[in-house]
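Welcome! Here is a friendly walk through a structure that may be new to you. Take a look at it first, and then read on.

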Amino acid sequence: MDVRKTYKLFVNGEFVRSESGRAYRPDGMVNVPRGSRKDLRDAVRAARTAFPGWAGRTAMNRGQILYRAAEMLDGRAAQFVELLGGGVRARRELERSVETLVWYAGWTDKLPQVTGTVNPVAGPYFNFTIPEPTGVVAIVAPERDALSGLVRRLAPVLCGGNVVVALTAESQPLAALTLAEVLATSDVPAGVVNIISGQRKELLPWLSSHMDINAIDTAGCTTDEIKAIEESAAGNVKRVIKLTKDEMSPYLISAFMEMKTVWHPIGV
Amino acid sequence: MAITKKQSAELARQAFEYAPAPEAIDHVKIQPRHGLFIGGRMVEAHSKKHFPTINPATEKTLSQVVDADEVDVDRAVKAAGKAFDSWARLSPSRRSRYLFRISRLLQERSRELAVVETMDGGKPIKESRDVDIPLSAAHFFYYAGWADKLEWAFPNRKPRPLGVAGQVIPWNFPLLMLSWKIAPALAAGNTVVLKPAETTPLSAMLFAEICMQAELPPGVVNIVTGAGKTGSLVVSHPGVKKVAFTGSTEVGKLIQRAIAGSGKRLTLELGGKAANIVFEDAPLDQAVEGIVNGIYFNQGHVCCAGSRLLVQESIAEPLLEKLKRRLSTLRLGDPLDKNTDIGAINSRAQLEKIQGLVESGVDEGAELYQPECVLPERGFWFPPSLFTNVSQSYRIAREEIFGPVLSVLTFRTPNEAVEKANNTPYGLSAGVWTDKGSRILWMAERMRAGVVWANTFNRFDPTSPFGGYKESGFGREGGVHGLLPYVDLN
């Protein structure tokens, strides 16, 4: 007889039920926690607390942790392929997810070299510009590609040093919730990634109006949802990221970065 | 040692007396009435409505400008849309040459532009002459060079222009903000509809002349004047594909909301409440100059102004004494006088806003210091002011005053300085004063702000990206990063 798994949210490095005690059954069988506004707020608080630590890690350390996540994911390949329905398509999606983590693991210590600049100002000043993470990023995972859909959006955001509150695909949250087990064993510090399952219609208004979220990735949103998100995002001038091209790109990392410019006089 | 008003008056008397040195204005001819710049020429407005633009130092009317209506804005956007295809397809080296031409024309007409900028906006002539106009010309010169090198700015991409950019700019640096908006937009192959601020439209009207002198193809730049209503017509026009706004956070949020779901690209450069942090090992005399430049430059009408002075407790007393002494030597008066440090407040509305916030500071319990200072009878003026005894919760420590008003707070440890500096929804700029290199970098790393000035303040350059974190907006202007908001990389 199977020992079945209880699917849980991932908040502040812990596997928790929704504080609301609610669940829903996306496939008609398995109970999945139906996250609440309070769950989101807990997740944002955990993320904000984790932010300085994650952003302050050396680029190499963040790269190694992302690479470790790739190792852990690859090690559980069989489990994920089964979760994704088995077969060639599932295996391809798993491989794509691993590939994504490896690719971005290598970007952590290169992004500042590619997007940063030393600026030749007309005066006796040393002036440089470097990318810095914007802060707490909300990701609305796409409904298709239960695993790689989220990984493709998560990796670039983490790569730059941001922290994440991710909303799983409502129709197929299991692979995303299981991804939390990979992150929990990859030295990703508690609170850096928080994963919430639930109903988009209920949660999006809270996510887009939360005053301590700096940016929101609308990858999984409909046109109408994006409009509503953009309206309430204005409350704290959130960056609303709508890059939909499905590619791995440093431009996607940069979308969640702020450019900081520092001046200092030159003199004896 | 606290300096009293009487002592400050004594200090002011001891300072050198200067004879008046007004800039001549006889070489400048301001037209009594302006039209709109649409499709490459000045046209009569459909709205038929004009309003006066005044000199805030004298309250005298300088000219009448159009309050553009929906039909006017629609004409301007259509003209820009019509010009877009050929401008975007023009050989990049030709686009580049037009921008170089504009830069040169700005230099050639610099004195005229400086005088008009000062008369229309109230800023000291030495600032418009030495900062606004040269930086405007430099900005066009810098982006002129990018126009035919865009592929080198975006590895692995073929950047394409977006279409018509709708741009709305503020009154604090009228021509410079125009340049920050128009130069990168044109370099990337976009066309523009720009709305200057209601109180400072005249340098933009001169810029329209310069576009004609440069023989810029008709419709590439269009300028419509008016108030907030005209601005909202520009940003919400369906023909506009990209919106760029510089102004208050309040209006920025309205714009973000207004264009939600439209698919328009947006950049916002909004308000600030910058901390200027002075450590005990800082060279105090230099720091005092930096503090003065940080908050009294352009009457404090600067979004990145160092409006919160955070000074380490151990040196608070001597620093404040030096600062107060320095304040008493600032010359307030005729903006056209070359010796003037502090000009006129831009408008009556802005003056009332500053007065209201300063009153709130006094009511909440802060201690106000103003040097002995004679204000001219006509015009809008506010003396350089500083508040001590300020708590972080006071409005003067939280809200953008946009005037020559400094709030002084103290700190003991570097961590406390970081905590206090970042304790604001804004994140545009910050200043750090210390002799210790490692501490500069440590502080710079922790400031949640887009620009950090270390042992300097309020420096600008076309190669140097500028823009905010958090509620100070998003997107950068200046540098290679300033091209990104104007290109499609897909």
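## Before we start

A residue is called buried if 20 or more other C-beta atoms lie within 10 Å of its own, exposed if 12 or fewer do, and partly exposed in between, with C-beta atoms placed from the backbone. Helices (H or I, at least four residues) and strands (E, at least two) are DSSP runs, numbered from the N terminus.

This is a predicted model, in which local features need pLDDT of at least 70 and side-chain atom pairs count only at pLDDT 80 or more, while totals for chains, interfaces and linings use all residues. Residues are numbered from 1 along each chain as its sequence is written, and chains are lettered from A and ligands numbered from 1 in the order in which they are written.

## Helix 4 of chain B

Let us begin with helix 4 (residues 110–121) of chain B. Nine of its twelve residues are buried, so this helix is mostly covered. The buried ones are B:L113, B:A114, B:V115, B:V116, B:E117, B:T118, B:M119, B:D120 and B:G121. They pack against several elements of chain B, among them strand 3 (50–55), strand 4 (60–66), helix 3 (92–108) and helix 8.

The expected span of a helix is 1.5 Å times one less than its number of residues.

Helix 8 (residues 202–213) of chain B has an axis that comes within 8 Å of the axis of helix 4 of chain B, and the two cross at roughly 150°. That crossing makes the two helices roughly antiparallel, a word used for angles over 145 degrees. Here the axes are lines fitted to C-alpha atoms over the stretch in contact, and angles run from 0 to 180 degrees between N-to-C directions. Two residues are in contact if their C-beta atoms, placed from the backbone, lie within 7 Å. Helix 4 of chain B contributes B:L113, B:V116, B:E117 and B:D120 to the contact, and helix 8 of chain B contributes B:L202, B:S203 and B:L206.

Helix 8 of chain B is also mostly covered, with nine of its twelve residues buried. Among them are B:A204, B:M205 and B:F207. From its first C-alpha to its last, helix 8 of chain B reaches 17 Å, close to the 16 Å expected. B:E215 follows this helix and has a positive phi near 55°.

Which strands make up the open sheet of ten? Their order is 5(A)-6(A)-12(A)-17(B)-16(B)-11(B)-12(B)-15(B)-14(B)-13(B), with mixed pairing. Two strands pair if DSSP finds at least two bridges between them. At the edges are strand 5 (117–118) of chain A and strand 13 (367–369) of chain B, each pairing on one side only.

Strand 12 (residues 257–265) of chain A and strand 17 of chain B pair in the parallel sense over three bridges, and A:T261 stands opposite B:V451. Strand 17 (residues 451–454) of chain B also pairs with strand 16 (residues 429–433) of chain B, in the parallel sense over four bridges. There, B:V451 is the bridge partner of B:S429. Further along, four bridges join strand 11 of chain B to strand 12 (residues 308–312) of chain B, which run parallel. Both faces of strand 11 (residues 275–278) of chain B are covered: B:A275 and B:I277 are buried on one side, B:N276 and B:V278 on the other.

## Where the chains meet

How many residues of chain B are in contact with chain A? There are 35, and they touch 27 residues of chain A. Helix 10 (249–258), helix 16 (437–446), strand 17 and strand 18 (473–474) of chain B each supply at least two residues of this side.

Most residues other than glycine have a negative phi. A:V237, however, has a positive phi of about 55°. A:V237 lies in the loop between helix 9 (223–233) and strand 11 (239–241) of chain A, and is buried, with 23 other C-beta atoms within 10 Å.

B:N156 also has a positive phi, near 70°. Its place is the loop between helix 6 (150–153) and strand 5 (160–161) of chain B. Is B:N156 buried or exposed? With 9 C-beta neighbours inside 10 Å, B:N156 counts as exposed. B:A57, in the loop between strand 3 and strand 4 of chain B, is buried, with 25 other C-beta atoms within 10 Å. Residues touching B:A57 include B:G122 and B:D334.

Technical notes. Parallel < 35°, antiparallel > 145°, perpendicular 65-115°, else oblique. Lists of a residue's contacts leave out its neighbours within four places in sequence.
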